[in-house]
Amino acid sequence: GFSILDTEDMSRVYDSGDEFERYFTTNSASENDKAMFNANVGSATTMQSSEFDKESDEMGPTPTAITTGRLDNDTQTIIIANGIVGGLYVYTVTSGLNVNFETYYRRGEAGLGWQSTYNDNATDHVGEPYITDLLFIADQGQNTVVSVSSYAGALSFYSIRKR
């Protein structure tokens, strides 16, 4: 999870607790997302979903990158990468420090071997395993998040807007 601290006295004003894990037990999580819950990348021939929940004993979800940005005068967004399997947790923060989990998004398919997904250049089956960096760009009213996947060798661009 993650925490938000008050910069004046470093007190914790928000903590996400086990929200990353709880998402995967909800109806909002797709079957594809659930199949990749805390998965380990494994070997090139390992089917992605066969490594389901292998990371729970070690670390659980592993946030590897974070970015923040302002959506409007009253709303900021926090985007956190779920590093090993890829995927983005999206939160909004409004005045009064109201923090809301908005969504989780992961590209790619869960039912293929890793090597098969890399070799299939015509599709987007691999997604973004091992996201190592995120960048929020606000330009001329457009908000974009750039995601860097070191395993897939991919840059992905996501449009972010307030609901």
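Visitor: Is Arg22 buried, partly exposed or exposed?
Guide: Arg22 is partly exposed, at a relative accessible area of 43%. Keep in mind that this is a predicted model.

Visitor: Which residue forms a salt bridge with Arg22?
Guide: Asp18 does. The closest N and O atoms are 2.5 Å apart.

Visitor: And how exposed is Asp18?
Guide: Asp18 has 41% relative accessibility, so the residue counts as partly exposed.

Visitor: How many salt bridges in total?
Guide: The count is two. Besides the Asp18 to Arg22 bridge, the side chains of Asp15 and Arg12 meet, with N to O at 3.1 Å.

Visitor: Switching to aromatics. How many pairs are there?
Guide: There are 10 aromatic pairs. Take Phe2 and Phe20: their ring centres lie 6.4 Å apart and their planes are at 25°, so this pair is stacked.

Visitor: Where do those two sit in the chain?
Guide: Phe2 is in the segment before strand 1 (3-5). Phe20 is in helix 1, residues 19-23.

Visitor: Are Phe2 and Phe20 buried or exposed?
Guide: Both Phe2 and Phe20 are buried.

Visitor: Which residues do ring pairs link into a cluster?
Guide: The cluster holds Phe2, Tyr14, Phe20, Tyr23, Tyr89, Tyr91, Phe101 and Tyr104.

Visitor: OK, the largest nonpolar core. Which residues touch the most other members?
Guide: Phe2, Ile4, Ile78, Ile80, Tyr89 and Tyr91. The core has 17 residues.

Visitor: Which helices and strands each supply at least two residues?
Guide: Helix 1, strand 4 (75-82), strand 5 (88-94) and strand 6 (98-105). Strand 5 gives the most, with three residues.

Visitor: Which residues is Ile78 in contact with, leaving aside neighbours within four places in sequence?
Guide: Phe2, Ile4, Ile66, Thr67, Thr68, Tyr89, Val90, Tyr91 and Val93.

Visitor: What other core lies apart from the largest one?
Guide: There is another core of 12 residues. Its members include Leu71, Ala81, Leu88 and Phe136.

Terms used: Residues numbered from 1 in each chain as written. Predicted model: local features only at pLDDT ≥ 70, side-chain atom pairs only at ≥ 80, totals over all residues. Heavy atoms only, no water. Salt bridge = Lys/Arg side-chain N within 4 Å of Asp/Glu carboxyl O. Buried < 20%, exposed > 50% of the residue type's maximum accessible area, 1.4 Å probe, protein only. Phe/Tyr/Trp six-rings, centres within 6.5 Å; stacked < 30°, edge-to-face > 60°. Helix = DSSP H or I, 4+ residues; strand = E, 2+ residues; numbered from the N terminus. Core = buried A, V, L, I, M, F, W, Y, C linked by side-chain atoms within 4.5 Å. Contact = heavy atoms within 4.5 Å.
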